[in-house]
Structures are given as C-alpha cells and as structure tokens.
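Open the model in your viewer and colour it by chain.

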Amino acid sequence: MSSTRRTRLRNSLAVKVIFSTVVLSLVLFGIVGSALYNKFSDGILNVKLDSSIAETRSAVFNAQYRFSFVGNSKQAVIGSIVKDIVANSATISATVNGREIALLRSGGLAQGKIDYQSTSNLVDPTVIPKELRNRVRKSLGTEWALTTITYASGNRIPGLAVGQTITIPTVGRYEMYLIFSLVNQNATLDLVRTYLLIAGIFLLFLIGLITWLVVRQVVKPVQDAARIAEKFTTGDFDQRMPIENNDEIASLGTSFNDMASSLQTQILRLENLSLVQQRFVSDVSHELRTPLTTLRMASDVVHSARNNFDPSVARSAELLAAQIDRFDRLLEDLLEVSRFDAGVAVLESAKFDISELIERCIADLSLVAKERGAEIDFSSTGHAVIIEADSRRVERILRNLINNAIEYSDSKPVQVKIVESQGTIAVGVRDHGIGLEAEAAFRVFDRFWRADPSRARVRGGTGLGLSIALEDARLHNGELEAWGRPGKGAHFVLTLPREAGQQIESRLIRLEPLDYYSTES
Amino acid sequence: MTLVMVVDDDQDLLEQLGIVLTGEGFDVDLVARGDEVIEVFRNNPPDLVLLDVMLPGIDGIEVCRLIRLESMVPIVMLSAKGDTQDVVLGLEAGADDYMVKPFKHTSELIARIKTRLRRTNVGSLGKLNLADLAMDLVAHQITRQGKAIQLTRLEFELLVALAKEPGRVFSRDELLSEVWGYQHSTDTRLVNVHVQRLRAKIEKDPENPLIVVTVRGVGYKAGATGAS
C-alpha cells in the first residue's frame, strides 16, 4: 500500500522532471552539437580547400609552363610531358593520403589527334562530377567540388576535386584536375563527431543525475510528508514533519504540523469527551449503588412489616420493593453496558456443559412459564455439550432469550434446541407468539428499543437485555441473530465457538425457522 | 450476644445496616472511617466484621490486612464495584467472603453473616488427621508436630470439608455450597483465592502442594492422608 503510493509519487514527479529535462537537453545538444560540427567541418575543409586550390594552381601553372616551351613539337614529346605531369602530380600509389591527377579532354577528339586524356593510379575519370567540369570549362580560374574517388580496384574514398583548364599544344583544351583525398580530414571530423557524441551523452547523463538529485531534494520531503501523513491517518497523532530550513518545504511542513496539532487537539478533545461520558455513566452507576442499598434494606424492613399496615400502605410497600428490584436491574445493565463501551469487559472462560445450563435456565424460569401458560420444549442432544466460555455471560444470554420467548409466547409452546459441530455450538429459541416485523429483527438489539412504543415492555425488563446479550455473544466471537414475523412468532439463534478465542465455523441452525415455511404452504 | 462490626462511610447505609442487624438480634458497632477501625476493634473485639472497600482514612483492603495481622475473625467485604480486581484484592487481603452492593435481598446478607458465624457441625468426629496435621474440630485448632497453625475460621472449615472425606474430589461449586453456603454461584474466585491462602499456611512448599491438591478441570481434594 505505502510502497505503491510512494512509487506513484516518484512516478508522478521525479520521473516526469527527469524525463523532460533529458529530452530538452537532448534537443539542445543536437542543435549545439550539429552547429559545432558544421563549423569544425567547414573550417577543416576550408584549410584543405585553400591549400588544394593553391596546389592546383601551381601544378596547372607548371604544366602550362612546360607545355609552352614545347611549341609544336612532336607528339611524343607532348606525350612524355603529359605522362611526367601526371606522374609527378600524383602520389606514387593509391593511398588514403594520396593525391590523384586527372587530365581530361574538354572537347571532342579531333581526327588524327592523339588523346592525352589520362588519370593517375587508374582513377576512374567519372570521379570528376559533370557539373564541376562544366564550371571549369567556363571559368578562367580554378573550380572545386567534393567527390568520391573511385579506384579501378573498387576502393572508394572521399575526395576533393580542384580543376582548371589547360591548353596542350596541337591538341587543344584539356582540363586538369587534382583530386585530394579527404580521408584525413574525414577522420578528424569523425573523431570530432565521436568526441561531441561522447561529451553529449556524458553531459546528458550528468544532467539526468543532477536533475535526479535536485528533484530528490524536493521529492524526498514530499515523500516524508506523505509517509508522516499516512502514519497520522492510521492514528499516530504524535507524528510531525521535521523542519530544518526556511524553504517552501519547511513552510509546507509548518502548515502540515499546524494542521496535525489542530487535529490532534480536536481528536483528544473528542476522545476525552467520550471518555468523560463513559466515566460519568460508570460513576453514576456506582454512586447510585450505596443509596440503592440503603433503599432496599429500608424497603425490606417496611415490606416485612406490611401486614401491620393499611391495605393501601401495604400495597405501596410491595410496589416500592418491586420498583427497587427493577431499578437495581436497570443499574446492573447500565453498568454492564458501560463496561462494554469502555472496552473493559473481560471473558472468564471455563469448560462447562451448556446443555445442563440450558436445563437449569428452563427450570429457573418454569414458574414464569407456567404463569404465562407457555410450555418449554427442550430438544437436547442427550449428552453433555462441553463448551469453553464465560458461563455467567452465556447464562445471561440464554436466560434473556428464554425469558423473552416466554413473555411474548402468547401461551403457545416455546422450543429450545441445541446443535453442535466439531468447533461450533448453536442454540435456537423459537416462540410462536405475537412475533415482530421483519425489519424489527435487526433493531431488537438496539438499546432501549421498543417494537411498538405504545406497547408495554416486558414487565420488569430494562430494555438493555438483548443489546447486552449481543455484546456478550460478540465477546465470545459468537453471533446472536433474530428473526420474526407478526403473528408468526420469533426465532433467536445464538452461535458460539466451542473453544474460547476460536471463530464460529458455520451457522448450525437456520435463522428462518422451517416450521414457518411449512405452515405457510 | 454476637457483636458485628459494620464499617461503611455512608452514614445512612450504616444506620440502616444497624437497624437491620439489630432486628436480627445482633449487637452492632458502627464505624464510619477506615482509620478508626483498629482502635474500636481492639477495645471491643467483634465476632464478625462487615467492611466496605471505599473508606476515608485507610481503604477497606488495607483495613482488612491490618485486622488479619492480629485476628482470625470472619471478614465479609462490601463492595460497590463488583469488578474482578477489587474482589480479588479484598480476598487476598484476608476477607472470607464479599457482597456486592446493592444486595439482592437483605435476607441474603443476613444469611451470609450467619454462615460465617456458624460452628462447623463436627458430628461424631472430634479429631482429624491430615498428613502431618492434627485437627481438633471442637477446639477449632490445628497443629503440626505440636505447633499451632493459625487459620481463619473459613480456612479451617475449607480444610475440614476436604479432610472429612479424604480422596474425594470436590468441585469448586461443591465447596462453595459446603463452605460458603452458596446455592449455585459460579464465582469460583472465592475458592481459588482461599485455597491459595490455605496452602500458604499449611503446605511446606505452596508451589507444590501435597495436602490440598488440585485436580485439573475438576476441583480439589485432600491428599497424603493418614486418617486416624
């Protein structure tokens, strides 16, 4: 729960910030890097170009100079000069740093003339782009273009072609091209590019790292705040955010702490209030006991002497005694309820025979049952049903259920049954009397609840009996449920685990009584 | 006449208790403060003390302890709390029985007082031996190798009840009925606390009792008997 929340927080902030920073940096690096690279490559190329053009000029000038002395000499002389020029201008063999020369004829080959077109090192003449040749032909000076040198061997290297026209006596205009290898320049540029890339990646990584650190500075306090707020939510009201600086995070912390203090005060006040209330109920009940004791004893003295009084005074003495009994029960129940509310009710579990307990409750209530004309029918298992529970509480529940069944029985029989399984014991108390509304079955356990406000409560009842019974059942990890229909009686089912501290495994007695359906159909 | 000392801080209840007990034929000494009890007690030793827990001066539990230091008189605690802790504290301080206010019936209180005052019906038995203990039921005395052991009347009766039928296992409910006179009370704390106190006085090693033996899940029995 908390780890996913933290992950989500990191996702939403840190990752977002880092991602956008890195992407923006990448774009920026792309622009700056390519601009830098272009400047570099331009610079390197320009240096090479300047020297290449100068070299070409001097080579062409030299060649032209040598041709100018030839005059109209024999073709062989011219041929040897051409050969010499080509051989001298070019490096001996095709190397990466080499310089090649191409002597190309400008016009068509006239009849009977010797073609002096030649290239060094068997360089393919098509290496010179047509576009460059056109420019060279039209121009008086040197022209240049980038190209790829293709050797007859198939070797291809980047190159720079610089050309100028040259006039060879007797044969006419030729173009002389010097082709310079750019391998070195390209290598330098490659190196520059590699360095730029490495620097870029390194910087990008650094920026990512810095961003992460910065974001952490912001996110960590936020994470801490979230964690502290979470702890606060789970009830640890002493949690506060540490405030170390004077920054925005600190002001967030201050606000949070103020809120926490305010909440804590409120909660404590409410807790206190409810504690005071519980204490009050408990204290009132206790304080009432001493005067009630005196009252009871005084009433007993008066009651035992009632035969000497007027009939009305004698009856008053009886009513007084009865009301003191009722008051006493109410007080007892109130105290019990206040114990449940304060969470101080404790189970005193021991093993006993619940079947025998039921029989004893029925025996104790048989007088009341006879008075009401209700017969109690107990279908026991025929053997002892040993349960580990608080016998005082279980007896209180059973007595209450059976007594209620008798009171509302409408002089019809009351059925009590017990069912057991390995780990669970259930007791059902069924009457066929006036019953109750289906919705009321949920409310019978409410304190001081009356099915019909105009109807009198069971004589002497406190209105707390069933609510205490339910609390008693729950204290055992058990369950107490009610069912009822007007005129069809009621059914109460108590389900308890056989051993203290265990859970009930299943409902052994169906809450809707089977006889209800059989009488319906 | 039997003298009952009643200690309660509530003047009205004290007066009413006085009226009821006098009506039952008892003499009464009424005391309203905890710190006055010992003085009155020494001047006019009662046959039974009815003692409230909450008292001004010294609380009832402490008063109970002080009385026990000099007397084995039956003490019945009156408690307005009825919570486990108070009851157990009172019993451990030496009270024989307790009653929770308000009493269901005044007659219940009278019955308790009378039970605590009655003499054990020893029948034909005059003397009993249990292990190395010699009990004189008439003189209400118990000796070990000639040395007297001081027991409260209740502790004595508890021991006699077990010793009269050596080997028989008594359930706590049976003991409650036999010794305390309860019909069916499930408050077994009374029995447990008093057995502990009895063991502390008669057992050589109360942690490993040989005379009053626990039978797990059932109750207690008298062990190591050499009945005469």
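Start with the sheet of chain B. In this predicted model, select strands β1 to β5 of chain B: they form an open sheet of five strands in the order β2-β1-β3-β4-β5, with parallel pairing. Which strands are at the edges? They are β2 (27-31) and β5 (97-100) of chain B, each of which pairs on one side only. Look along the sheet to see the twist, which averages 20° from one strand to the next.

Next, select residues 48-52 and 75-79 of chain B. These are strands β3 and β4, and they pair in the parallel sense over four bridges.

Move to β1(B) and β2(B). This pair is also parallel, and five bridges join the two strands. Here B:V6 stands opposite B:L30, a residue of β2(B). Follow the chain from β1(B): the path goes through α1(B) and on to β2(B), a β-α-β crossover that is right-handed.

Keep α1(B) selected and bring chain A into view. The contact between the chains takes 15 residues from chain A and 16 residues from chain B. Which element gives the largest share of the chain B side? Helix α1 (residues 11-23) of chain B does, with six residues. Colour the chain B side by residue class: seven of its residues are nonpolar, five are polar and four are charged.

The last stop is in chain A. Select helix α4 (residues 183-233) and helix α5 (residues 248-304) of chain A. Two packed helices are described by the angle between their axes and the distance between those axes. For α4(A) and α5(A) the angle is about 5°, and the axes are 11 Å apart. The two helices are therefore roughly parallel to each other. To see what makes the contact, show A:P221, A:A225 and A:F232 on α4(A). On α5(A), show A:I249, A:L252, A:G253, A:F256 and A:A260. By class, the residues of this contact are seven nonpolar, one polar and no charged.

Technical notes
Residues numbered from 1 in each chain as written. Chains lettered and ligands numbered in written order. Predicted model: local features only at pLDDT ≥ 70, side-chain atom pairs only at ≥ 80, totals over all residues. Contact = placed C-beta atoms within 7 Å. Nonpolar A, V, L, I, M, F, W, Y, C, P; charged D, E, K, R; others polar. Axes fitted to C-alpha atoms, helices over the stretch in contact; angles between N-to-C directions. Parallel < 35°, antiparallel > 145°, perpendicular 65-115°, else oblique. Pairing = 2+ DSSP bridges. Right-handed = clockwise from strand over helix to strand, strands pointing away.
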